[in-house]
Amino acid sequence: MTDHANTVSPAAGSFGRLRLAVTRSEALRGLTLMSPTLFVVVAAMAVPLMLMVAYSFWSQSYVTLDTSFTLKNYTDVVTRDIYHILFLRSVTISGIVTLVTVLLAYPMAYFVAFDVKKNKLLWLILLTLPFWTSYLLRVFSWKVILGYNGVINSGLMSMGVIAEPLQFLLYNPFSVIVTLAHAWAAFAILPIYVSLEKIDRTLLEAATDLGDGPVRRFFRITLPLSMPGVIAASLLIFIPTVGDYVTPSLVGGTGGVMIANIIQAQFSRANNWPLGSALAISTMLAVTAIACLSIWLAKRGTAAIR
Amino acid sequence: MSAQPQSRDTAARRWRGGYAVLYLAFLYVPILVLPVFSFNDSIFVSFPLKEFTTKWYAQLAGQPALFDALANSLKVAIFSAVFSTLLGIFAAKAMTRYRFPLQRPAFALVMLPLVIPEIILGLSLLIMVNRIGLSLSLYTVSIGHVLLCVPFAVAVLLSRFEGFDRSLEEASLDLGESAWMTFWRVTFPIVFPGIVSSLLLTFTISFDEFIIAFFLTGSETTLPVHIWSQLRFPQRLPSVLALGTLLLVASTLLIILAEWLRRRGIQPDKQPDM
Amino acid sequence: MANSDAFIDIRAVSKRFGSVTAVDGVDLAIRQGEFFSLLGASGCGKTTLLRMIAGFEMPTEGDILIDGQVMTDVPANRRPTNMVFQNYAIFPHLTVRDNIAYGLRKDGLPRADLDRKVDAALEMIKLSGYGARRSTELSGGQRQRVALARALIKRPKVLLLDEPLGALDKKLRETMQLELRQIQDEIGITFVFVTHDQEEALTMSCRVAVMAQGRVMQVATPRELYETPNSRAVASFIGTMNFFEATTKGIEGERLLLDAQGLGGIAAPVPGWQVNGKAVVAIRPEKLQLSLDRPQGEVSAAQGTILNSTYLGDRSHFHVRLDGVEAPIAVSAQNVERSMRDDLDDGTPVWLSWRDTAMVVLPG
């Protein structure tokens, strides 16, 4: 076995050894394959976000950008009531939207996962089809439906149910919640459906066999096992809706203005990018913190079920 | 099983069935408002309905800006769909086929755009584009859309790649095919339905996306940005409804086409999905 | 260099996954045209070794040579090996025909030649007329045959089989064992066969390598493996074996004198290894005779009591308690007499007897 080393790489040299290292190393090949995607995400998200953080510590005076470090934007964000009110309102509205959307979607997803035997696919297509149409138009059609001279009011009046148009339908938090619950329905149904569908049916039979009725079985088996879907759905709805400014500006009126509208205003009319950045960063951090806290609570809650 | 709980099950099932129908109505009524009033001869969207008309559709034909916006959106959406699906294939393959250090964090980073508000993605990109000194164009919109679409592409493809039996690729290598030909002869045909789903989903997301496009668009606007500008003019409202109806029909046809393609493909044996 | 007759020459091959050592310094020489089995419990490294021969895993250390060529730098698709996978890995998007023709496509054969080859392969596996079927419509046994034909049509120098019969039911498995043997006899190429089923390994192989914890314990013909295992681990893995702790007393000509627990002073054939002090005497159940009275003649004997018995038709199994031995002794007896009566009730005192040549002495 003296010529052992020679037989390993007949075409020695550093290139041969490098090639051998690459083909022999799973890790290197995996990383290489992952790198284009990572590059795009880093270049188009991580770097811009860092720039945004940098901006948030700068300041704007009319048209010139002052790049000396300042905490002024953040002190503004923390001290001025208007931002607190808007932030709280945004989080509350998004929270309610998330809750309502998930609660409405759960039975629907349950129905498709457990009750529909044939044509599951048809149901799924029916449920997701509205989601494939323009978001802007979906929001807009709610404006048309809920408006002062809109579909509901004119419909009820022409039927003689009411004499005057109902004013409480549009331009308030309620209209924002209804519109968002509709617009984000697919994001709730699909993750919950997938997690329900994955549940091994014999687990449910085992629970019944061990003496659980349908209700206890639901809370002890089905719900905990579908929790990943519920959490995913909640995140997918809560986080983007906080940052939505289309819905508030179309159907929210003054009472429905959300934090994203103010951020957007800083980048357009007010032309104060540093303040806008500070608002955006604080919102993102706060929302992430709230989301993490809720996930933690949800997991604790599920773990408490025995 | 005794008869009594079974009948209780049926009752519960019936309730859920009724609920499902109501829920569908909630989903569809706002959508159906568009076509109904797009044929209504009045610039106000209200009951009672007036005469039937197709003049709003005719009006669309006389809006060159609309067709420009449509063409722009198609360009951006096709680019974003192809590019993000390609990146999705790489990532999904890396995630399912290999083990490497920092795999979980890398995956989390790729999926992160999913849970960052679009307004923040859009604005931070605006800042970067501004810093670099690029002018806003369809390219800047496309970059934003690729970023937004990548997590969706990865999610769709990952579920497909996960059900993929690795020994099929090994069998192909074993029978003498190169890695590249193995991809084309084995991997690609089997994950093809997943690729179609990913292309379709990312196309739709990009085609429909407004918030990022609104910040990153230059003089050439995309369709949602164009629609947004139209919403300010009440007299344009009916033609927006007509446009919405056409988009609705187009996306429905697209879904049917996609489903037809998917059915023609083969499911991996063990995947009981959808 | 040793192993001049080795067709597949595995030299000091190790494979580590992180901190886990799957294959640990294995040396093996597999001859041309041999039906060679790698036998071991799951996780013993046999599949990893097979996958290294195929080129799906790279050895962390050591080399594999096939027909004199070093394989280290040769990727799986350039190796003269083909594999039948454990789950068969039949391409679900191709027909049976296209599956079998898969590996020939790149050779650029004329259409007619290709068709003829595939037809011949279909005939060999008795699936003529199934060519146009979707592979998803096949049964387990049919899939196994398609996988076999797909690999063999490439005319490999070595065919690798990764537990190819594991997914089949017992009847089908026995038929396929026979067919595999026949095919191997006809085409005469080297088969390397991975299995955890010792009976399967013994029935089919020319030689068997028994593996445990990444190492090769013994390489031998099935008969040698059964009759002269080289360690307690191999002896207990192949079939059933009774073990008796013993101390050596000395050598007397061709015979080794020992003092064994439960057996007393005995004389066994001298083993091929260096004996010093401790040893284990091993006797197969069927090499022990049961009798009510002390047997006469050139045999050793010990007295015990019947613990329990099981009637199996062609033979019966007994467990016998011997003084000084903790584990019950397994005895297997052919039911030569046609008898409805069971005269060996539990608790019956009996004599166990055996010839001296029945004993194997193993390292303690």
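This is a predicted model: local features need pLDDT of at least 70, side-chain atom pairs count only at pLDDT 80 or more; totals for chains, interfaces and linings use all residues.

Colleague: What makes you speak of two domains in chain C?

Modeller: The split into domain 1 (8–236) and domain 2 (241–363) of chain C comes from an automatic or database domain assignment. Their C-alpha centres lie 39 Å apart. The contact between them takes 9 residues from domain 1 of chain C and 10 residues from domain 2 of chain C.

Colleague: How much area is buried between domain 1 of chain C and domain 2 of chain C, and what share do carbon and sulfur atoms give?

Modeller: About 830 Å², with 54% from carbon and sulfur atoms. On the domain 1 side of chain C, Tyr226(C), Arg232(C) and Ala235(C) lose the most area to domain 2, together 62% of what that side buries.

Colleague: Why is the meeting of Arg232(C) and Glu245(C) called a salt bridge?

Modeller: The side chains of Arg232(C) and Glu245(C) sit 3.1 Å apart, N to O. The cut-off is 4 Å between a side-chain nitrogen of Lys or Arg and a carboxyl oxygen of Asp or Glu, so the Arg232(C)–Glu245(C) pair qualifies. Between domain 1 and domain 2 of chain C the count is 2 salt bridges, and 4 residue pairs are in polar contact across that interface. Helix H7 (222–227) and helix H8 (232–237) of chain C each supply at least two residues of the domain 1 side. By class, that side has 4 nonpolar, 3 polar and 2 charged residues.

Colleague: On to chains B and A: how many residues are in contact, and how much area do they bury?

Modeller: There, 85 residues of chain B are in contact with 85 residues of chain A. Chain B and chain A bury about 7,700 Å² between them, 81% of it on carbon and sulfur atoms.

Colleague: How do you know that Asp208(B) and Arg138(A) meet in a salt bridge?

Modeller: Their N to O distance is 3.9 Å. With the limit set at 4 Å, Asp208(B) and Arg138(A) therefore count as a salt bridge. Between chain B and chain A the count is 3 salt bridges, along with 9 residue pairs in polar contact.

Colleague: Which helix gives the largest share of the side of chain B that touches chain A?

Modeller: Helix H1 (residues 3–38) of chain B, with 17 residues. The chain B side divides into 64 nonpolar, 8 polar and 13 charged residues.

Terms used
Residues are numbered from 1 along each chain as its sequence is written. Chains are lettered from A and ligands numbered from 1 in the order in which they are written. Side-chain values use heavy atoms; hydrogens and water are left out. Contact means heavy atoms within 4.5 Å. Buried area is the accessible area (1.4 Å probe) that two parts lose on being put together, summed over both. A polar contact is a pair of N or O atoms within 3.5 Å; within protein, one must be able to donate a hydrogen and the other to accept it, and residues adjacent in sequence count only if both atoms are side-chain atoms. Helices (H or I, at least four residues) and strands (E, at least two) are DSSP runs, numbered from the N terminus. Ala, Val, Leu, Ile, Met, Phe, Trp, Tyr, Cys and Pro count as nonpolar, Asp, Glu, Lys and Arg as charged, and the others, Gly among them, as polar.
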